[in-house]
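Here's a quick tour of one model, with the working definitions given along the way. Have the viewer open as you read.

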Amino acid sequence: MLRKAVESYLAVRRACGFALRSEGHLLNSFAAFSSARGEEHVCSRIAIEWAGLSQTLHQRARRLGEVIRFARYMRAEDPRHELPEPVFGGESRQRPTPYILSRNEVERLVAAAFQPVYQGLRRDTYSTLFALLACTGLRVSEAIGLCYEDVTADGLVIRSSKFRKSRLVPLHDTAQAQLARYLERRRRQPPFDDPHLFVSMHRKPLRLGNVESAFQTAARKIGLPCNRGQPRATPHSLRHTFAVRALETCPDDRDHITQHLLSLSTYLGHAQAANTYWYLEATPELMRNIAERCERFLTGERP
């Protein structure tokens, strides 16, 4: 009975656009664990026992958090499902401080990826990929999923991305020209039957691990911070950097800022502007702009 309830819950949430791959695995594991102990409804004691099997506190909190969300959903129709207390704390980790790259660092990163020691298409692949991430703010998964047909005169077609949404990402003329040059080289290299823009040395579509490894190699080469426990450069840093730099170039007007942020959210593929706030970070340029506007306001000028 509990396993069927999990299937129903996952079906409803997936219909709303959530993938729930790992979440589905966890809830099915919990349902099997509960059934083995004779429970047909969510039992707080069993849920805490199951979540406690994980090795770290964060993993326990995450596992129990999934059961809590599931229990809230089920209790709407059947109060026999108990609602466990979050005894392991909140499931969400504190937002790590993103590393915002300067323009010079982005240029050096792209140059570091374009090394003559790399054979074949590899140096073109990663230098083009990092440059594309920096000038579009694409998710890494979106970029490595691009195929020939996704490159159009109007920009990049991002198909069925997060929450199964698609969008068109316009490109600056310089980005279009550089991407066209890369495509000329890519079409002359195997695998000829694979339509993906970016492929690995093994002639297969890039994976996230490939990108992370190549990025860290280039980042260490130019001295970017890569150690855990502090703001460090990752491929996702390029998306954060794009969002921040886009806001820095916004016209100095409240209405323009609102419109600019809405456009940025659409460009990044967010359904709500609140999701875009996650990518913003205070920089000296933004703080200087804020200070100047406050000063104008205090002196009686229109902010």
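## Helix α9

Helix α9 covers residues 208-221, and its 14 residues should span 20 Å at 1.5 Å a residue, which agrees with the 20 Å between its end C-alpha atoms. That expected span is 1.5 Å times one less than the number of residues. Helices here are DSSP runs (H or I, at least four residues) and strands likewise (E, at least two), numbered from the N terminus.

This is a predicted model, where local features need pLDDT of at least 70, side-chain atom pairs count only at pLDDT 80 or more, and totals for chains, interfaces and linings use all residues. Residues are numbered from 1 along each chain as its sequence is written, and side-chain values use heavy atoms, with hydrogens and water left out.

## What α9 packs against

Buried residues of α9 include Val-211, Phe-215 and Ala-218, where buried means under 20% relative accessible area (1.4 Å probe, protein chains only). The helix's buried residues pack against α5 (103-113), α6 (122-136), α7 (140-144) and α10 (237-248); contact means heavy atoms within 4.5 Å.

## After the helix

Gly-223 follows α9 and has a positive phi, near 85 degrees. Pro-225 then sits in the loop between α9 and α10. Pro-225 touches Tyr-99 and Arg-232, among others, leaving aside residues up to four places away in sequence. Pro-225 and Tyr-99 are 126 residues apart in sequence, but 8.5 Å apart C-alpha to C-alpha.

## The sheet

There's also an open sheet of three strands, ordered β1-β2-β3 with antiparallel pairing. Strands pair if DSSP finds at least two bridges between them. Val-151 has Leu-156 in β2 as its bridge partner.

Definitions and conventions:
Buried means under 20% relative accessible area, exposed over 50%, partly exposed in between (1.4 Å probe, protein chains only).
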